[in-house]
Amino acid sequence: MKIKYFCIFLLPFLLTGCWSANELNELTLITSMAIDKEEDGYLVTLAITVPSEATINAPGRSASTVVSSTRGINACDAFRRTSSKISRTPNLSHIQNIIISEELAKEGILPAIDCIIRDDQLRPTSFLFIAKGVKAKDVLAINTSIEHSASSKISQMIKNAEVNYSIVNAVSLVEFINSLTTPDKEAYLPGIGVYGDLEKGNTVDNSQDVAPSAIIYLAPYALFKKDKMIAWLDDYTSKGVNFLLNDVKSTMINYQCDNDRYFVLNVRKAKTKIKVNTKGKVPKFTISADIKGTICQADCRLDLTKTSKVKELENKFQRVIKQQLQKTMANLQTNYTSDVLGLGGYIHRKDHKLWKNLNKDWEEVFKNLQYEIEVKVTIVQPGAIINPITNDDK
Amino acid sequence: MTEKINISKFQLYVIMFHYMLGPASVLCIGGEANQDAWIAIIIASIIGIINFSLIYGTIYKYNNELSFVKVLEKYFGVIIGKIISSIYVIYFLLTSVLIIRHIYEMVTMYLLVGTPIIVIIFLNLLMIIYAVNKGIETIARAGEIYFFATIGAYISFILFLTLSDVIDINNLFPVLENGLKPVIKASLPLFIIYPFGELVSFLYIFQYLNKTKGTIKTGTFAIFSATIIITIITILNIVTIGVYLIHNSAYPTMKMIRLINVENIIQRLDSLAVLIFLTSSFFKLIIFIFVICNSIRDITGVKKYQYFIIPAAIIIGIISILLITSYTKLIYVTKFVEPYVSLPFELIIPLIVVIIIVLRKFLHKFKET
């Protein structure tokens, strides 16, 4: 009998669920976050999913995401102040992208990052971006077609870009923090920008137009030194950096054979290995890239049925890639002196005693690093046709 | 002594396994040795195995029917033995306080954000009171059930992490960057004590085994398997979240679990992970409270240990709320106070007992001849 009463006594504890439960109708899911720096503090922008519009059968009349910006003296303060504008408690656990404005990145990204990583809800796998040319909040306000919101567009786009063109790769929060905190490499983040008319971009019309007035695009890497952004790379160097980071999954390599005529290699597989020889006075790097691909376009006359000619073409591509890697290295060394490749890490792992000596003035050493680049290109397939299309017989 | 209580060797193995994983697997201990934390763990476990099989093993060999309270009385005399046992009880109480506090911090950080401490600790203690009340046999059987779940969960976490494309094996290198010294430094104060030394409480439990043979072998095997799991977890921590975040996270393993994302299908396993980690901590707490109540019974000579469960639980609950007021304090105590406080209980007193045993044996032989 006693146990019966005891059980009844326990029921209110066990049946009421969580203590401070948030039901789904009291929550609002944040899919992206943008942080801007303003004169008198920070501006945090949240992309909030509208539940009724985020379903598959949504009527599509109104926007599926609502953007809300709030000012505050710091990032955390600004985030909390959003409660004065949103009717429901924001839930951060579904954040996919975090966009940080260029000014903030240039002044030092740490105050924004700490607030983000400290939060218990937020996943460390969210992607980080730097807004290029626009305010971070503007990127989220663009209405998109195909995907139902800017947030899902960005996270799909970066995956697509990784697989198909490899100018930039996604950098997750945990990766970024690791490269920000270890002394033997510098951080980098992909950029994101908007083409077109920002004003028109945030209307529902933008997602209904055949040619949208504004469209979000991925920009090449932004380089960091410590926690400050120092420069934007161009497409060419950014791709080179990706090659050196062994992050290229598939891309195009152009070899100009004649005025306005090209051979284009479709890279199917690329593997870059960096080795370091620490025996001498100065550490010497050997960078070897092994690239396999197919031909994507061939404008000049070349008999691709002959192995010798294919070999010739391979050599040409090798030279092009080698030049790209060399230029990238030279750029990183002289223009930016930012060790985004983590070359210091290679020395650190190979010979930690040497690294201890070099660590103090690594910047100077990095500027004068010696390296050798070896590129091997194999054309595994000519594509669906073999020889370039000509009209000689006409 | 034993009231028909019997636990098998496998059950002993299981509860020892849970006991060692306790909060150790979530805290990613040994982080002081940076990327060599896993070496620190292996060194510590070797020391732990030696400690267990030689010191505890000898005590057990000569007194396999007695609880440690009686052992102390036998070798130090009744009064001194009882005093030492009482200090042991206080020590176990304080260790349980730390564990229940870790349970609370973990739950409020990842599972029930914002729940008041008193509710979580009250519900936990309620379950523990029930479990301890049922006796060691029931605890051991429950341990068997959860053992397979725990092993399965650990294996799947390891599998999912390797499939998630978050591993950077470079984080493990260079091995032994600053030589062996910092590694041993990280392993010694923390590790003889932390997961592997706390096994001293099993000296109170061995008396309930149904067979006296092979106990130490089983225990050693349990230490060995727990070491494998903790080492793998630590290596995964290093290669996924990196040394910096290990130093700088409240519960690094939880951060690591959040990285799991297998093709956007298997992800967000953290609540499941918290439960798995809690199960092990829970068993540790149960064992501690069982040992506390048993030693009080043996000291006072009361018939049933059940009388002491509720007072012990209440004391633990109150201390955990009042004494440790913040996470920072908790980590400070677990990292810098507990090891040094534990040292006499886990190493020095058992060692003295072993020396007395050996001396007596020697004197005995001497007298005979």
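1. Lys226(A) counts as exposed, at 66% relative accessibility, where exposed means over 50% relative accessible area, buried under 20% and partly exposed in between (1.4 Å probe, protein chains only). This residue has a positive phi of about 50° although it is not a glycine, and its place is in the loop between β8 (214–225) and β9 (228–232) of chain A. Helices (H or I, at least four residues) and strands (E, at least two) are DSSP runs, numbered from the N terminus.

2. On conventions, this is a predicted model, in which local features need pLDDT of at least 70 and side-chain atom pairs count only at pLDDT 80 or more, while totals for chains, interfaces and linings use all residues. Residues are numbered from 1 along each chain as its sequence is written, chains are lettered from A and ligands numbered from 1 in the order in which they are written, and side-chain values use heavy atoms, with hydrogens and water left out.

3. Thr337(A) lies in the loop between α11 (307–336) and α12 of chain A, and with a relative accessible area of 10% it is buried. In chain B, the peptide bond from Phe173(B) to Pro174(B) is cis, with omega near -5°, and Pro174(B) is found in the loop between α7 (136–163) and α8 (180–191) of that chain. As background, most residues other than glycine have a negative phi, and most peptide bonds are trans.

4. Within chain A, the assignment gives domain 1 (25–232) and domain 2 (235–394), with bounds that come from an automatic or database domain assignment. The centres of these two domains of chain A, taken over C-alpha atoms, are separated by 32 Å. Their contact (heavy atoms within 4.5 Å) takes 22 residues from domain 1 and 26 residues from domain 2. The area buried between them is about 1900 Å², of which carbon and sulfur atoms give 52%; buried area is the accessible area (1.4 Å probe) that two parts lose on being put together, summed over both.

5. Two salt bridges are counted between domain 1 and domain 2 of chain A, a salt bridge being a side-chain nitrogen of Lys or Arg within 4 Å of a carboxyl oxygen of Asp or Glu. The side chains of Glu363(A) and Lys225(A) meet in a salt bridge at 3.8 Å, N to O. On the side of domain 1 of chain A that touches domain 2, α6 (150–164), β8 and β9 each supply at least two residues, and the largest share, five residues, comes from β8(A).

6. Between the chains, 25 residues of chain A are in contact with 28 residues of chain B, and the two chains bury about 2400 Å² between them, 59% of it on carbon and sulfur atoms. The count of salt bridges between chain A and chain B is one, and in a salt bridge the side chains of Asp270(B) and Arg123(A) meet at 3.1 Å, N to O. On the side of chain A that touches chain B, α1 (2–14), α7 (173–181), α12 (343–350) and α13 (352–359) each supply at least two residues, with the largest share, four residues, coming from α7(A).
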